[in-house]
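Me: Hi! Could you walk me through this one? I have a few quick things to ask.
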Amino acid sequence: MNPVNNKRVIIEGVWPEIDGGRFPAKRVTGEKVTVEADIFSDGHDEISAVILYKKAGEKGWREACMKLLVNDKWEGVFTITDLTAYYYTVEAWADPFKTWQKDLKKKLDAGQDVKMDLLVGIGLMEKTIGLASVKDAKRLKEFMDIIKNDKTRSGDKAVPVIFSDDFTSLMFSYPDRSGATRYDKELEVAVDRPKALFSTWYEMFPRSCGSGPGKPGSFKTCKTMLSEIARMGFDVLYLPPIHPVGKKNRKGKNNTVIAQKEDPGSPWAIGSEEGGHKSIDPSLGTIKDFQDFMEEAGKYGIEIAMDIAFQCSPSHPYIKEHPEWFKKCPDGTMQYAENPPKKYEDIVPFNFESDKWKELWEELKSIVLFWIEKGVRIFRVDNPHTKPFNFWEWLIKEIKKDYPDAIFLAEAFTRPKVMHRLAKLGFTQSYTYFTWRNKKYELTGYLEELTRGEGREYLRPNFWPNTPDILPEYLQYGGRSAFLARLILAATLSSNYGVFGPEYELCISNAIAGKEEYLDSEKYEVKNWDWNNPDNLRDIIARVNRIRRENPALQTTWNIKFHDVDNELILFYSKKTEDLSNIILVAVNLDPHHRQSGWVKLPLNEFGLDLGESYLVHDLLSDDKYIWKGESNYIELNPFIVPAHIFCVKNRLRRETDFDYYM
């Protein structure tokens, strides 16, 4: 058997490496990529290792040093700076200089003669001088002369030079990597703009922002809502489908099969004689009205997110123009959508197994491009798990080649592996199971899975306490305090969150008996909301969102850590920046009906605090301030006032006068 190569170092267990490198990891600009690898060799030689990384289009590699953690596990970090794909791999080598330094120190500590070892070192220096720049080579020769002229048994003059920072740094700058091992894969990082990591969504039906009963809204009337949505701190306004609504098999109030004349139908039943996916429902206005609305929203710092629902009503022009894109029943009728026992008589799904699937894919891509050209960059995708994975991977890659700032949110309340696959193949953000995680162990377990599991590298969660389709039991029976608690949990556990707007803002909890569905759902009728309802949450929503904007620790999901509290109905967790300049503690009463109290315990050393030190915690919700001391402190939460604390820790209390400053 012929030898394959003479590389001594082994590199394996590289992470992140998603499905063997099949899919990229994900980051936004400004985030770091932490790369781990198992690196080892035969014998006792010291090893050096680096991450090699580059931006798409660059020819040469940049380098970031890796450090040994424990048990042959190495780690290094590089930072994403540009909105483009990055590539990385790992290189490592047996390092003769590092080995020589280590062995020399051992012999010196043992009092042994090192004259021969100094000669070995001189040989290493001569090789390094041959690799160095003119300036550095000159400096290395000066160091080498000192070592050569040292004739002592213990290297009295040479040793201080050999272990000096200047000399060591120079030698490390020009390593002999002729025998280096390079990992056999170049792995990818898909990069998004920062809003992919930190965004605050408000969902609203434009037709429900009219001026009174019997007066449906339009893009023009919706402009009056923008200032309040901005005041509440939302930076993404998500609109359900704005296209013409089908008339054939239109659904009536509460999803009844027979619609009345005045029933507007479900916006997800897209298409009529007035147009399809590239048209706007005439009742809402024109394409120009929509663009004017987007421009006005932009003045308030709000981006418009458009719904992408790749399905048709039986009235859609595609039905006549491209019947080959749809399935037919044995009796010749068009097959409508079903999810037994549910029936969607007003919706016809595309047949992605059609013989004309390539033409279908291209047409669907053209829909996305049509709206991108009109200025849309954020898309909430309806039920992506009911379309082929390959289609989404192709579509998103095609779009992001020219529009890397595009964001796609996967509305996929589906099986875990399906949800993760959609995230891997390109969706920027993902709906999650947060909607149904209510108990302490459910929330802690799920957040640990999202932030510490493999999905952390590619699945960005977006937490929604409710949607037009889902009114969870916790909100149905928990009252206003339940809406408050779930709002604060969504907004502080995840850096991306959203609410189904007016229904959440006004604590609407009327459900169809025995179901997690809204009674008199806005999906099937135009609403006229009573914005003066005393139960509205707009002010506390505005406060929570302001807290998110003003505290960098809340602008990422990955830094969450749960802490002990001696009450299973209180959830207690922290988020902090790396430099500890911003430390946030959150305590939430999970019981919407009763006051709960307990002792919370903090690992003070992780926050830069001494065990016996007093520190101030400022509740950003109530504006109350408390002086805590030590690891354990008492909290009490009344759900009928505010069911949570969001504390900002002031960790610079060193003198008594500081207390006056913070109080």
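Me: Is E517 buried or exposed, or partly exposed?

Reply: E517 counts as partly exposed, because its relative accessibility is 25% (buried is under 20% relative accessible area, exposed over 50%, partly exposed in between, with a 1.4 Å probe and protein chains only). Bear in mind that this is a predicted model, where local features need pLDDT of at least 70, side-chain atom pairs count only at pLDDT 80 or more, and totals for chains, interfaces and linings use all residues. Residues are numbered from 1 along each chain as its sequence is written, and side-chain values use heavy atoms, with hydrogens and water left out.

Me: Where does E517 lie?

Reply: E517 is in the loop between α14 (501–505) and α15 (538–550); helices (H or I, at least four residues) are DSSP runs numbered from the N terminus, as are strands (E, at least two).

Me: And what is E517 in contact with, leaving aside neighbours within four places in sequence?

Reply: Its partners are K342, D469, L471, N510, A511 and I512, with contact meaning heavy atoms within 4.5 Å.

Me: Switching topic, which residues lie nearest the centre of the largest pocket?

Reply: Those are E338, N339, K342, Y344 and N383, out of 46 lining residues. A pocket is an open set of points on a 1 Å grid over the protein atoms alone, where a 1.4 Å probe fits, with protein on both sides within 12 Å along at least five of seven lines; lining residues have an atom within 4 Å of a point.

Me: Which strands supply at least two residues each to that lining?

Reply: β14 (337–339) and β15 (342–344) each do.
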